[in-house]
Amino acid sequence: MAENHEELKCECREAYEDIDRKAEEHSGDPSALIEVLHYAQERLGYVPRDVQVRIAEKLGVSLSDVYGVLTFYSFFRERPRGKYTISSCQGTACYVRGAPEVLARFEKELGIKAGDSTPDGLFSLEVVRCLGACGLAPVVTVNKDTYGRVTEDKVPAILNLYRQNAASEDIPAGS
Ligand code: FES
């Protein structure tokens, strides 16, 4: 698959070559799957489908095995991180105060599952365990902003705020 490297941007091509090398080191060893996926994500920031295919081939596992691992661990992502990362705390204090409903509403509004990013590149959604603000449970952060006592009804307004921010940043200065 090395021929595909030619179409990639320079730094990406290097990353792909390194990932191929790493997978090659573990050729035929399915037990190295998580390690190699970790490495790929470290290098690219996410694990795109073509990299999943390369890793599956090298390690001798099925693509569905790779996909299973990627979706099981919320750490892994299949798309690049969005402009805004939404972290929904599912630690115990948040969980018992309605965090699952809040997360479900984010997933519904964004049309993605936790661990994924929206196709427009605006939002990434992830699950975290305790943000150290349990007194404000349930807690959500969006990049560096913290929202406490979030209910599912507040989710659309939170998203709109960042959509508007993004839209206003797109307007050229002085117009
Ligand atoms: S459990 Fe959510 S902030 Fe601690």
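This is a predicted model: local features need pLDDT of at least 70, side-chain atom pairs count only at pLDDT 80 or more; totals for chains, interfaces and linings use all residues.

Reader: In which loop is Arg149 placed?

Author: Arg149 lies in the loop between strand E4 (145–147) and H7, where helices (H or I, at least four residues) and strands (E, at least two) are DSSP runs, numbered from the N terminus. Residue numbers start from 1 along each chain, following the sequence as it is written.

Reader: What is phi at Cys130, and which residues does a cis peptide bond join?

Author: Cys130, which is not a glycine, has a positive phi near 65 degrees, and Cys130 sits in the loop between E2 and E3, partly exposed with 15 other C-beta atoms within 10 Å. The cis peptide bond joins Ala137 and Pro138, with omega at about -5 degrees, and Pro138 is found in the loop between E2 and strand E3 (140–142).

Reader: How should I read a nonpolar core, and how many residues does the largest one have?

Author: In soluble globular proteins, nonpolar side chains tend to be buried together. A core here is a set of buried Ala, Val, Leu, Ile, Met, Phe, Trp, Tyr and Cys residues joined through C-beta atoms within 7 Å. The largest nonpolar core of this model has 19 residues, and those with the most contacts inside it are Ile86, Cys89, Val102, Phe106, Leu125, Val139 and Val140. The elements that give two or more residues to this core are strand E1 (84–89), helix H6 (99–110), strand E2 (123–128) and helix H7 (155–170), and H6 gives the most, with five residues. Setting aside neighbours within four places in sequence, Phe106 is in contact with Ile86, Ser88, Leu125 and Val155, where contact requires C-beta atoms, placed from the backbone, within 7 Å. A second, separate core has 15 residues, among them Tyr16, Ala23, Leu37 and Leu70.

Reader: At what angle do H6 and H7 cross?

Author: Two packed helices are described by the angle between their axes and the distance between the axes. The axes of H6 and H7 come within 10 Å and cross at roughly 50 degrees; axes are lines fitted to C-alpha atoms, for helices over the stretch in contact, and angles run from 0 to 180 degrees between N-to-C directions. H6 is therefore oblique to H7, given that angles under 35 degrees count as roughly parallel, over 145 as roughly antiparallel, 65 to 115 as roughly perpendicular and the rest as oblique. The contact is made by Val102, Arg105, Phe106 and Glu109 of H6 and Val155, Pro156 and Leu159 of H7.

Reader: How do H2 and H4 pack, roughly parallel or roughly perpendicular?

Author: Helix H2 (residues 33–44) and H4 pack at an angle of about 70 degrees, with their axes 11 Å apart, and are therefore roughly perpendicular to each other. Leu33, Ile34 and Leu37 of H2 meet Asp65, Val66, Val69 and Leu70 of H4 in this contact.

Reader: Which residues make the contact of H3 with H4?

Author: Helix H3 (residues 49–59) and helix H4 (residues 63–72) pack at an angle of about 120 degrees, with their axes 9 Å apart, which makes H3 oblique to H4. Gln52, Val53, Ile55 and Ala56 of H3 make the contact with Leu63, Val66 and Tyr67 of H4.

Methods:
Two residues are in contact if their C-beta atoms, placed from the backbone, lie within 7 Å. A residue is buried if 20 or more other C-beta atoms lie within 10 Å of its own, exposed if 12 or fewer, and partly exposed in between; C-beta atoms are placed from the backbone.
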